[in-house]
Amino acid sequence: SNPFEVKVNRQKFDILGRKTKNDVGLPGVSRSKAIKKRNQTLLKEYKEREKTNVFKDKRFGEYNTKITPEEKMIRRFTLERQQNYGKKSLYNLNEDEELTHYGQSLAEIEKLNDIVDSDSDTEERGTLSAELTAAHFGGGGGLLRKKVSSEQQDEEEKPKSRKELIEEMIAKSKQEKQERQTRRESALELTEKLDKDWKEIQTLIARKTPKSERKDKEVEKPKPDEYDMIVRELGFEMKAKPSERLKTEEELAKEEQARLQKLEADRLRRMHGIDEEANKKRPSHMSADDLADGFILDKDDRRLLSYKEGEEEEEEGEEEEEEGEEEDNENEVESQEESASEDEEDDAADSHLDLESDLESEEEAAGNKEEKKHKADENESQNVEKLDPKREAAKSELPYTFAVPESYETFKSLLAGRTIEQQLIILERIQKCNHPSLAVGNKAKLEKLFGFLLEYMGELATLDLPELRTIDKLVLPLYNLCQMFPEAASDSIKFILRDAAHDLQEVIEVKGRATFPGLDTLIYLKIVSLLFPTSDFWHPVVTPAFMYMSQLLTKCRIATLQDVIKGLFICCLFLEYVSLSRRFVPELINFLLGVLHISLPKSQAQGYTVVHPFTPVGKNLELLLVCDKEDLKSWEKQNVPLSIVTRLKETSRTEINHTRLSCLALCFDLIKKCAALYEPLPSFHEIMHPVRILLTQHVPVNEYPEKMQEWYHSALKELENKVKHYTPLICEKKKPVPLKQYTPKIVKVLEFGRKQAGSKKEQERKQLIQRHKRELKGAIREIRKDNQYLARMQLSEIMERDSARKRKVKELLGSLATQEGEWKAMKRKKWKN
């Protein structure tokens, strides 16, 4: 070691009894030790990172202290016997195994009970009769000529017809088959007889008593034990069979897409007038000269062609018998021969008429062509008339495959003019044909579809006559898309809520007050409760909606009956939101108090406080007050439809009064639900105390109809029946604030770089913090060193692989270069020679 590299830590003062560490040391010793340690630990883990060589002890009850060693051994023995039960040793010759040959038992083969099919030719296999050879390999004309020997050739004998020859062949084949069958039966009878004789002789040779004598001497066998019977029954019991594997979501999506594509192809085929069934049932062409050589006895429904007056026609009648066909063919052949002979005679007699006959034949052919064209046009027109209703039905039918619309205009045009059921079918088919698992870009397209559907529902809500039923039906595909893409759905709805809250805030800053939003925003708030969980303590979509609704109930001014209806709708949404979490909503109670306040006459609207947005004095004080007695008598309890907000101006005065009374009845119902919801709260009586005072002291119950009085009494009863279980809330007594003193405030000046004295706990706390910092820095330093070490190891592996690859490439290039040189030298040598 170099003495100049030795590091010496000198101390200013030598203190007795103090042990010093690392006074003298070399700079590379600690680093080499660290590298050696990492080679032993970290490098070993890095090399064995993908290996699993851990042995697990799976012996029964090895680490179970509750089981005794005897029970462990018994249980292990039974498990071993169960595993080896039913297994046969491959090389044990003492076992009685059944020997087989090609899957058949040798014992059964020795019995010679081989059953031969009646159709198989065992004796004369491979031989062909002379008639069959002549029929199939003689050029087709051997059957029409009668082969006779040179001694029996007579000119007067006629050749046999085709039918007679076929009948003779069939008779011969049946006779041969019958002879083979009889020979086979006789051989079987002889073998059975031989078996019986052999068994009788075998009993004599073995000196065994026959079975009839043996049965008398047999002793009754003992009955099997019940345990043995149960064991045997368990062996024959049905074992569980594996069920079919459930298909994954991707497989189901692919099958559904294939089904819809097939249906769409069928629809397009019907729309274009292509009849696939007619093409399938179209018969194969069969020439009139066909002699029907195959004598298959099956039914043949093919259409035959015949020549009639020089035209080719199809016969669609029933099948004719073979005799009639043969006679017709013979007659046609004879007529053709006669016509040919007549033509030859005419040609020989009048050879100068050839040109005229050719012209006449051309004219006749042209006329026949025109007639054929005319008939074809008529048939096509008839087919078009028949296919027109099918085409119209196919055109009016919905397509089975849809592409995801790229813009809102295309989406709107896709659903325009459709019924609710058709719109649902279109949306369902869009989702099935463009499932995210089928293509890469389908996920982004369906996320856009969610925004388009939201915008479309908002547009339906802003119409003069809002289509609330359509919106209600469209919630289901919206929910399915939300389940598939929750993040995109939450982003879309948060964007809508953010815009609505921003608009509300701007209007409040400009005018100081705001009005309730449109019907589309209320529908969106309702959709939030259907798509997302409302019972969470905090939710990225529900919590902003919650805050926005509370702002609407506190900041929006109540000026018309439409505002009251919208506010009551928001109150119903609040109760739906907090039905599970039972969260207290003060804006809800305040709005119900305000609704009761605007239903009272001015003379009774005193003695209680009203919170904004309701005012104790103003022109909108008696907004829900009904003074007409006839309207009070004719009122009946009914639900307040949300669509009445858009058509309230067109209704009569009586209907408006009935709507006011329905709103008041709805307020009583909401008070009753609030009482049932907030009963477990400790401050229930303090929360509902203003409502109880207003109901008991200020509401004119006797002026309302009987049904309204029933709603009133049920709400009041729900409030008064609750027993007071908890003490009322009381503000804590605060310590009195002392008077200001003019004593100076002394601040201790801290000296930089020195530890300040303090209490013992404070000093321990500072020491812990300092120790934690030191340990954290050391841990970070070690982690960095470990990462650098691993990076070096990985780099060395890469360098080794690259060097080996370069060496192999150089070797290959060198071998190729030597081969090329040898080839050139050989070529040069040949050229010189």
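A salt bridge is counted here where a side-chain nitrogen of Lys or Arg lies within 4 Å of a carboxyl oxygen of Asp or Glu, and helices are DSSP runs of at least four residues, numbered from the N terminus. In this predicted model, K494 and D491 both belong to helix α17 (residues 486–511), where they sit 3 residues apart, about one turn of the helix. Their side chains meet in a salt bridge with an N to O distance of 3.9 Å. K494 is partly exposed, with a relative accessible area of 25%, and D491 is also partly exposed, at 45%. Elsewhere, salt bridges that share partners join D57, R59, E62 and R76 into one network.

The structure holds 17 salt bridges, among them one between R38 and D786, whose closest N and O atoms are 2.6 Å apart. Because R38 lies in helix α1 (residues 29–40) and D786 in helix α26 (residues 760–832), this pair ties together parts that are 748 residues apart in sequence. R38 is buried, with a relative accessible area of 12%, whereas D786 is partly exposed, with a relative accessible area of 25%. Another salt bridge joins E459 and K412, with 2.3 Å between the closest N and O atoms; the pair links distant parts of the chain, since E459 is in helix α15 (residues 442–461) and K412 in helix α13 (residues 408–415), 47 residues apart. E459 has a relative accessible area of 25% and K412 one of 35%, so that both count as partly exposed.

A search of the whole structure finds 8 aromatic pairs, including F546 and Y577, which form a tilted pair with 6.3 Å from centre to centre and 50 degrees between the planes. This pair links distant parts of the chain, with F546 in helix α19 (residues 542–555) and Y577 in helix α20 (residues 561–577), 31 residues apart. F546 and Y577 are both buried. Y408, F411, F452 and Y456 form one aromatic cluster.

On the surface, E185, E189, E192, D195, D197 and E200 gather in a patch of negative charge. E189 is placed in helix α6 (residues 162–206) and is exposed, with a relative accessible area of 55%. W198, also placed in helix α6, is partly exposed at 48% relative accessibility, and together with I201 and I205 forms a nonpolar surface patch with about 340 Å² of accessible area.

Conventions:
Residues are numbered from 1 along each chain as its sequence is written. This is a predicted model: local features need pLDDT of at least 70, side-chain atom pairs count only at pLDDT 80 or more; totals for chains, interfaces and linings use all residues. Side-chain values use heavy atoms; hydrogens and water are left out. Patches are made of residues with over 30% relative accessible area and no salt bridge: like charges are joined within 9 Å, nonpolar side chains (Val, Leu, Ile, Met, Phe, Trp, Tyr) within 5 Å. Accessible areas come from the Shrake-Rupley method with a 1.4 Å probe; for residues, only the protein chains shown count as cover. Lys and Arg count as positive and Asp and Glu as negative; His and the chain ends are not counted. The place of a charge is taken as NZ of Lys, CZ of Arg, CG of Asp or CD of Glu. Helices (H or I, at least four residues) and strands (E, at least two) are DSSP runs, numbered from the N terminus. Buried means under 20% relative accessible area, exposed over 50%, partly exposed in between (1.4 Å probe, protein chains only). Rings of Phe, Tyr and Trp (its six-membered ring) pair if their centres lie within 6.5 Å; planes under 30 degrees apart count as stacked, over 60 as edge-to-face and the rest as tilted.
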